[in-house]
Amino acid sequence: MKYITGTYALNMQSLLGTPGDWHQPALDWDKPRYLESDESIFGDWGIESGKAPCQGEVMKANHIRACLDLIEEGYYSSAQGMRNDFIDDERFTPDIFNKVALLKDRPNWMEIDRFMGNEYLCDWLDYKEKIGLQA
């Protein structure tokens, strides 16, 4: 399924009720970033329907999925602030950790692990220890 993600999805409302980002007017909505869910380890997880400027009703990533896509593709600076700014709800942390752990066999796992450590500090370290996940 083709869907809007990344910074564009972070600047749209999410059914999760998370804050997302707040730079919507600064984006070129004539050419939002689309991905194909079949090409991701996350499949259709976290994709919802919503209205996009200049696009109308579209399929889009919720804020968690948008961050996961940024992490999966190595856009760590764009995902920076996901915990406290874009998501800002600890109820979602276990799901986020479980989804990120799916990326453990990726060539950029050390960078993903470092990013998660910077975002989630000891919570990420505790999670990795609990499930036996190595950096």
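Reader: What makes the set of 38 residues a nonpolar core, and which residues have the most contacts inside it?

Author: A nonpolar core is a set of buried Ala, Val, Leu, Ile, Met, Phe, Trp, Tyr and Cys residues joined through side-chain atoms within 4.5 Å. The largest such core here has 38 residues, and those with the most contacts inside it are Ile71, Met82, Ile96, Val100, Ile112, Met116 and Trp124. Helix α6 (residues 109-131) gives the most to this core, with 7 residues. The model is predicted: local features need pLDDT of at least 70, side-chain atom pairs count only at pLDDT 80 or more, and totals for chains, interfaces and linings use all residues. Residues are numbered from 1 along each chain as its sequence is written, and side-chain values use heavy atoms, with hydrogens and water left out.

Reader: What does Ile71 touch?

Author: Contact means heavy atoms within 4.5 Å. Setting aside residues up to four places away in sequence, Ile71 touches Tyr76, Ala79, Met82, Leu103, Asn108, Ile112, Phe115 and Met116.

Reader: How many helices and strands does the protein chain have, and in what pattern?

Author: Helices (H or I, at least four residues) and strands (E, at least two) are DSSP runs, numbered from the N terminus. The protein chain has 6 helices and 4 strands. Along the sequence they follow the pattern β-α-β-β-β-α-α-α-α-α.

Reader: Why is the protein chain called as compact as a globular protein of that length?

Author: The radius of gyration is taken over C-alpha atoms, and the globule rule is 2.2 Å times the number of residues to the power 0.38. The radius of gyration of the protein chain is 14 Å, close to the 14 Å that the rule gives for 135 residues, so the chain is as compact as a globular protein of that length. Of the 135 residues, 48% count as buried.

Conventions
Buried means under 20% relative accessible area, exposed over 50%, partly exposed in between (1.4 Å probe, protein chains only).
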